[in-house]
Amino acid sequence: MDSTKKYHPRPSLTFNMAPMIDVVFLLIIFFVLVSTFASAERIPMELPDPDSSQALNVKLTDRAIINVQLVDPDSPGSSEVAYSIGPNRPQSLAVISERLMAHKRAVPDLKVVIRADKRVRYGDVREIMEIVAEHGIEMMNIVAHVGDAGPAS
Amino acid sequence: MKAARVNHASGNGAVHFRPRRKRTQRELTALTLNLAPMVDVVFLLLIFFISTTTFKRAEGILPAQLPKQGNMADALALPISPIIVHLQQTGPGPADYVIRVEDFVDTPTTFSELSAFLKRVQENPGFDDETPVVLKTSPDVQWDHVVGCWNAAVAAGCKHVSFGVE
């Protein structure tokens, strides 16, 4: 054996994972940032989607969200509706009125947000509007989808 | 600097010297970080976020003013004559509705036409964006159309839009 032969280390066969991890972390950070966890108050429903919507994407404080949804949305002829305040289970109009009154007493500057399914009849939403007006709440907000281009200035 | 040498005594009493480069090569191999479990977890997180993320359309609000302490009909008790828009159901279908503006001959058929009509009305003498618009809707009209009508009035620049009783 030639003792004068120069030593050459064997080339490394390890896979360089650093760029892949960079990309994967970047994707994870993207998904974490864009994920907005749905509020329990916002019950899933088909909201009104007007042309060139003027709806403003603002966050209100001191507000009560009243949901008006169809009991059986998959049945085309069904028009029975259920009312609920926030994430609660469906309640009667009398209970909603009582809760709204208690809420108004605690928060005098209470704002009401009505989230109604676009397929419900106006008469059903009007029941809530009358309760809101009875309690002296002047500001009522109607929820609709925000337009793709945002409200026109 | 002279290379350090380590003495190794073998069984026969001979002393051998191990070159430094061999020792360092072996130690470096032992210190390699095993990234496989981390990559497993990271991929798991990535798959979780990709599969659970749903891009929902944003919700917004259309502010509405209600009359103070009273029923909705009070909205009509205004000092100046409002523009009254009627929205009535004409048939059993959800799209069977008609728009009519009181005291005006023009009858817009769509909400975009209504918006353009209200803009034109505001240019007439005696009308401006402060002129109240009262939306009188029959109870059987779909909420989608009511919001569409309300949105058309807001899009026309009307500052005072309210609900009335049909």
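In this predicted model, 49 residues of chain A are in contact with 44 residues of chain B, two residues being in contact if their C-beta atoms, placed from the backbone, lie within 7 Å. On the side of chain A that touches chain B, two or more residues each come from helix H1 (18-34), E3, helix H3 (122-134) and strand E4 (139-145) of chain A; helices (H or I, at least four residues) and strands (E, at least two) are DSSP runs, numbered from the N terminus. By class, this side of chain A comprises 33 nonpolar, 9 polar and 7 charged residues, where Ala, Val, Leu, Ile, Met, Phe, Trp, Tyr, Cys and Pro count as nonpolar, Asp, Glu, Lys and Arg as charged, and the others, Gly among them, as polar. The model scores ipTM 0.73 and pTM 0.69. Residues are numbered from 1 along each chain as its sequence is written, while chains are lettered from A and ligands numbered from 1 in the order in which they are written. Because the model is predicted, local features need pLDDT of at least 70 and side-chain atom pairs count only at pLDDT 80 or more, whereas totals for chains, interfaces and linings use all residues.

Within chain A, strand E1 (residues 63-70) is mostly covered, with 6 of its 8 residues buried; a residue is buried if 20 or more other C-beta atoms lie within 10 Å of its own, exposed if 12 or fewer, and partly exposed in between. E1(A) runs parallel to strand E3 (residues 111-116) of chain A, to which 6 bridges join it, and A:Arg63 stands opposite A:Lys111 in this pairing. With strand E2 (residues 81-85) of chain A, E1(A) pairs in the antiparallel sense over 5 bridges, A:Asn67 having A:Ser84 as its bridge partner; two strands pair if DSSP finds at least two bridges between them. The loop between E1 and E2 of chain A holds A:Asp72, which is exposed because 11 other C-beta atoms lie within 10 Å. Not counting residues up to four places away in sequence, A:Asp72 touches A:Ser78 and A:Glu80.

The largest nonpolar core has 56 residues, and those with the most contacts inside it are A:Ile114, B:Cys149, B:Trp150 and B:Ala153; such a core is a set of buried Ala, Val, Leu, Ile, Met, Phe, Trp, Tyr and Cys residues joined through C-beta atoms within 7 Å. H4(B) gives the most to this core, with 9 residues. Leaving aside neighbours within four places in sequence, the contacts of A:Ile114 include A:Ile66, A:Val68, A:Val125 and A:Ile128. Both A:Val125 and A:Ile128 are among the buried residues of H3(A), a helix that is followed by A:Gly136, whose phi is positive, near 75 degrees.

A:His145, found in strand E4 of chain A, counts as partly exposed because it has 19 C-beta neighbours inside 10 Å. Beyond residues up to four places away in sequence, A:His145 touches residues of both chains, among them A:Leu47, A:Asp49, B:Arg57 and B:Glu59.

Chain B averages a pLDDT (the predictor's confidence in each residue, from 0 to 100) of 76, and 71% of the residues score at least 70. Among the elements of chain B, strand E1 (residues 6-9) has the lowest mean pLDDT (49) and helix H4 (residues 143-155) the highest (91). The pLDDT stays under 50 over residues 1-6 of chain B, for which the model has 4 contacts beyond four places in sequence.
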